[in-house]
Amino acid sequence: MIKGIFYFLIFPGFLFTAAMGCLSGWFDRKLTARIHWRVGPPWYQNFVDFLKLLGKEIIVPADSMRGLFLFAPVTAVIGATLLSVVLWQPNLRTDSGFLGDLIVAIYLSMIPALALIIGGMASRNPLASLGASREMKLMLAYELPFIVSIATVIIKNGYTIRLYEMVQHQAAHGAIIGSPSGFIAFIVALLCMQAKLGLVPFDIAEAETEIMGGPLVEYSGAPLGFFRLSKLMMLFAMPVFLITVFWGGIAPGALGAAVGLGKLLVILLVAVLIKNTNPRLRIDQALRFFWGPVTVLAVISILLTLAGL
Amino acid sequence: MNNIALLTAFPFIIGTLLFLIPKRARGLIETVSGVTALVACLGSVRLFLVRPIESTFAYGISFVIDGLSGLALLGVTFFTLIIILYSIGFMRDHVYHRSFYVYVLWTLAASIGALAANHMIVLALFWGFLGLTLYLLIHIGGGSGAAAAAKKTFIIIGGSDAFLLFGMAIVWQAAGSWDLLGVKLPITSGLTFWAFIFFVLAAFAKAGAMPLHTWIPDCAASAPIAVTAYLPAALDKLLGIYLLARCCLDVFILNEAAHLVLLITGAVTIIAAVMMALMQHDMKKLLSYHAVSQVGYMVLGIGTGNPVGIAGGLFHMLNHAIYKCTLFLSAGSVEKKTGTTDLDHLGGLIQIIPATFVCALISSLSISGIPPFNGFVSKWMVYQGIVEMGQRGGRLWVLWLMAAMFGSALTLASFIKLLHAAYCARTTEYAEAPQREHCAMVLAMGVLAALCIVFGIFAKQLPLRFLINPILGGSDIYLGIWEPSQAGLYIGTGLLLGMFLYGALSLKKGFFRTDRTYIGGERLPESSFISGTDFYNTIKEIGVIQKIYRGAEKKYFDLYEQAKRTFSYMTELLRQMHTGVLPTYLSWVVFGLILLLWILGKNTW
C-alpha cells in the first residue's frame with residue numbers, strides 16, 4: 001500500500017507528471033514564442049505560475065455548488081495522475097499491469113475533460129455552460145475516431161488490451177507506427193490528442209475571445225491552478241500514451257529514456273506546429289471534421305490492418 | 001413446507017389481503033407491504049446461501065434456485081424493498097395508493113415464481129401474470145396516456161409471450177422434456193433456431209431491447225415514476241436478462257448465427273437508443289431511452305459467448321438496475337418538488353434538492369462508465385469479452401467494440417445535458433425557500449448510490465466473487481483484472497490532500513470570497529438562461545443524422561406503430577365497403593350465395 005501511494009504521489013504519479021507536464025508546457029510556450037519571433041518564458045515559468053495561483057484569493061460564485069466547484073479541479077489532477085501511473089507501469093517494466101489497462105487508460109484520459117465540464121456546470125455561469133456543452137460535443141467528436149484507431153492497435157499487437165504486452169509485442173515485432181495502417185492510425189490518434197488537450201484549432205471549449213475561458217470563467221486562485229496543472233499533466237501524459245501504444249514505448253535505461261524523450265519532443269513539436277498554423281474551428285466544423293474525414297481515415301487504417309498491411 | 005413455494009405464495013397472499021385494509025389506513029398498508037418485502041428479501045438471501053435447491057411437485061413440476069436465478073431473486077426482492085421505501089414518500093397522496101402496493105406485491109410473487117420455475121409451462125404462467133401486473137401498474141398513472149401506454153405494453157409483452165410458448169413447444173418436442181435446466185439443445189436445424197429466436201424475443205420484449213423496446217418510453221411518460229423505476233428500470237431488466245441468460249446458457253447451445261443475432265441486436269440497441277436519448281426534452285423519456293440502450297450492453301456481453309463477456313453482461317444487469325433505479329427515483333424527487341419533469345422548464349434544483357443531485361450525479365457517472373463506479377467495471381468486462389472474440393478470429397468485433405465504447409461517450413453526453421438542465425441551469429422558477437427532501441426517498445436513493453460506489457470499488461471482492469462468479473462455475477476468469485480498490489485508494493488520497501490544501505488555505509482570513517457570477521461585467525436579466533436542452537442541436541443538424549431523427553419523430557422505426565398503421569390501413573379497405581346502403585349489402589349477400597353454391601355444386605356435379 002505504501003508503495004502504491006509512493007507510485008501515486010511521487011513517481012511516476014503526481015510529482016513526476018506535474019514536473020514533466022510543466023516542462024512540456026514550457027516547450028510549447030517557448031516554441032510558440034520563437035514562431036512568433038518573441039523570446040519566450042524561462043524554463044521554470046509554468047512552475048512559478050502554478051505556485052503564484054496557489055497564493056491567490058479564491059472567488060466562489062454566489063449560487064454555485066461550492067463543494068463540486070472546488071473539488072472538480074482536484075479530480076482533474078487525480079485523473080491525470082492515475083492515467084500517468086497506469087501508463088508508466090509497462091514502460092518502467094515495474095509491473096506487468098493488468099488485463100485491459102488500455103481501456104482503463106482511455107477512460108482515465110476522459111476524466112480531466114469531464115471534471116472541467118462538471119466544474120463549469122457547478123459554477124452556474126452561462127458562459128461556463130456554453131463552454132461545458134462545447135467540451136462535451138468535442139469529446140463526442142474525437143472519441144469515435146480515437147476508438148477506431150485504438151482498435152487498429154489492438155489488432156496489430158496480437159489482440160491484446162494489456163499495455164505491457166503491447167510494449168513487449170512491439171519490442172519483438174517493431175513499432176506499429178512503422179506499418180502503413182499503423183501510421184495512418186497514429187495520425188488519427190494525434191489529431192484526437194490535439195482535441196483532447198484543447199489545443200488550437202480545437203480550443204473551442206475555452207475560446208478566450210468568444211466565451212472568456214468557458215468553464216474556467218469563474219475560476220481563480222488554487223482551483224484555477226489545479227485545472228491549469230491538469231492540462232499540463234495531460235500535455236505530457238497523452239504523448240506518453242501514444243508512444244506506448246503506437247511507438248514501441250519507452251525502453252529502460254539512460255539510452256531508452258533519451259530516445260523516449262526524443263519521441264515525446266517530436267509529438268509535441270507536431271502538436272505545437274498544428275497549434276500555431278491553424279485558426280480555431282467552430283464546434284460544428286470540428287464535429288464534421290472528426291466524424292467525417294478523420295473517421296474515414298481511421299476506418300481505412302482498420303481495413304488495411306485486416307488486409308495485413 | 002417447501003421454502004420456494006412459501007416465498008412465492010407469501011407476497012401474493014399478503015398482497016391480496018391488503019384489499020381488506022381500509023384505503024385510508026395508508027400507514028398500515030405501507031408498513032405491511034414493507035415488512036412483506038423485507039421478509040421476502042431475507043428469505044431470498046437464505047435461499048441464495050443454501051443454493052442449489054430443487055423441489056419437485058406433482059406431474060414433475062420442479063422449482064430450482066441456482067446461481068443465476070438466485071442472483072436475479074436477490075435483485076428482485078431487494079428492489080421491491082427499495083421501491084416500497086421510496087413510495088412511502090412518493091405515493092402517499094396517490095389516488096390508487098392501495099392498489100399500487102397490491103400490484104407491487106403481486107409482481108414480487110410472480111417474479112419469484114418465474115425465476116424459480118424449472119418447468120417451462122409454469123414459467124410461462126408466471127411470465128404472463130407479470131405482464132398483467134405490469135399493465136395494471138402502468139394503468140394507475142391515470143389519464144388517456146397511461147391507458148394507451150398500458151395497452152401498448154400489454155400487446156407487446158403479451159405478443160412476445162405467445163412466441164415464448166411457441167418456442168417452448170418446439171424445445172419440448174425436440175428435447176422431450178419441459179424442464180429448462182439440462183436441456184442443452186444444440187441449434188442445428190432451422191426449427192431449433194426459430195425456437196431460440198422465440199425465446200429471445202420474449203426476453204427482449206421484457207428487457208426492452210430493440211426492436212421491442214417501444215413500450216418503455218411510453219410507459220415512462222405516463223406511469224408514476226415509482227412504477228417506472230420498479231419495472232422497466234429494475235425488475236424487467238433482471239427478468240428479461242435472466243431469461244436470455246438461461247436460454248443461452250442452459251436451454252440452447254448457441255451457434256454462430258445465434259451469437260450474431262445477439263451481437264447485432266446489442267450493438268444497434270446501444271447506439272440507436274442513446275441517440276434518441278440525446279435529443280429528449282423530458283427527463284423521464286430521456287431516462288427510459290437509456291433503460292433501452294443499456295440492455296444493449298447486457299445482450300452484447302451474453303452474445304460474446306465467452307465467460308468474461310457473459311459475466312460482464314450479468315454484472316451489468318445488476319449494476320444497471322441499481323443506477324437506473326436511482327436515476328428514476330431522483331426524477332421522481334424532481335417531479336414531487338416541481339410538478340414537472342420537462343427539462344425546458346426545470347433548473348436551479350442544485351440549491352433546492354442537493355441530496356438528490358448528489359445521488360443523480362453518482363448514478364449518472366456510473367451509467368456513463370466512468371471509473372471507479374460500478375458501471376465501468378461491467379462495461380470493461382463486456383469490452384474484454386468483445387476483444388476476446390477477436391482473438392478467436394472474426395472481423396466484426398471492431399464494430400461491436402465501437403458501438404459499446406462510443407455508446408458510452410454518448411451516454412455521458414446525454415447525462416451532462418440532464419444534470420445541467422435540471423439542476424445547474426439558472427432559472428428563477430423554482431427558487432423558493434429550500435424545503436426538506438423526504439427522508440424515506442433520500443434514504444432509498446442514498447442506499448442505491450452508495451451501492452454504485454461500493455460495487456465499483458470493491459467489484460472484485462464483493463459482487464463478482466459472491467454473486468457473479470458462482471453462476472459460471474467459479475472459474476478464475478477475473479485473474480489479473482483491474483483492481484478498482486487500488487484506484488479507489490488513490491482517488492481517496494488525492495481528494496483528502498485536496499481537502500487539506502483547501503483547509504490550509506482557508507486558515508488565512510478572507511482567502512475565500514463569494515461574489516456574483518461574472519458575465520463580461522454585465523448583469524443579465526434573470527429570464528435569459530441557458531437550459532441545456534439544446535446542447536446537442538449541432539449533432540442533430542448533421543445531414544444523415546437529421547434525416548434519421550425526422551424518421552424517428554414520425555415513429556417510422558416503432559414496430560408497434562407500424563403494425564398499427566398496417567392494420568388500420570387494412571381495416572380502412574374493409575370500412576370502405578361498409579357504405580350503410582342496404583341494397584349494396586343485399587347484393588353482396590346474393591353474390592356470396594351464388595359463389596357458395598357454385599363452389600359446392602362444382603364438387604357435387
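Helices, of at least four residues, and strands, of at least two, are taken here as DSSP runs and numbered from the N terminus. In this predicted model, chain A holds 13 helices and one strand. Read from the N terminus, the elements of chain A follow the order α-α-α-β-α-α-α-α-α-α-α-α-α-α.

The overall dimensions of chain A come next. Along the principal axes, its C-alpha atoms fill a box of roughly 60 × 45 × 40 Å. A compact globule of 309 residues would have a radius of gyration near 19 Å, and chain A, with 19 Å, therefore agrees with that expectation. Of those 309 residues, 64% count as buried, where buried means under 20% relative accessible area. Among the contacts in chain A with a separation of 6 or more, 79% are between residues 24 or more positions apart.

The largest pocket involves both chains. It holds about 1,300 Å³ of space. The lining has 42 residues, and the closest to the pocket centre are Ile271(B), Ala272(B), Met275(B), Met276(B) and Ile548(B). Two or more lining residues come from each of helix 13 (283-306) of chain A and, in chain B, helix 8 (215-222), helix 10 (256-278), helix 11 (283-304), helix 16 (397-424) and helix 21 (543-553). Helix 10 of chain B contributes the most, with seven residues.

By residue class, the lining of the largest pocket comprises 27 nonpolar, six polar and nine charged residues. As for its position, domain 1 (1-253) and domain 2 (255-498) of chain B both contribute residues to this lining, so the pocket lies between them.

Definitions and conventions:
Residues are numbered from 1 along each chain as its sequence is written. Chains are lettered from A and ligands numbered from 1 in the order in which they are written. This is a predicted model: local features need pLDDT of at least 70, side-chain atom pairs count only at pLDDT 80 or more; totals for chains, interfaces and linings use all residues. Side-chain values use heavy atoms; hydrogens and water are left out. On a 1 Å grid over the protein atoms alone, a cavity is a set of points where a 1.4 Å probe fits but cannot get out, and a pocket is an open set with protein on both sides within 12 Å along at least five of seven lines; lining residues have an atom within 4 Å of a point. Grid points are joined across faces, edges and corners, and a volume is the space filled by probe spheres set on the points. Ala, Val, Leu, Ile, Met, Phe, Trp, Tyr, Cys and Pro count as nonpolar, Asp, Glu, Lys and Arg as charged, and the others, Gly among them, as polar. Domain bounds come from an automatic or database domain assignment. The radius of gyration is taken over C-alpha atoms; the globule rule is 2.2 Å times the number of residues to the power 0.38. Buried means under 20% relative accessible area, exposed over 50%, partly exposed in between (1.4 Å probe, protein chains only). Contact means heavy atoms within 4.5 Å.
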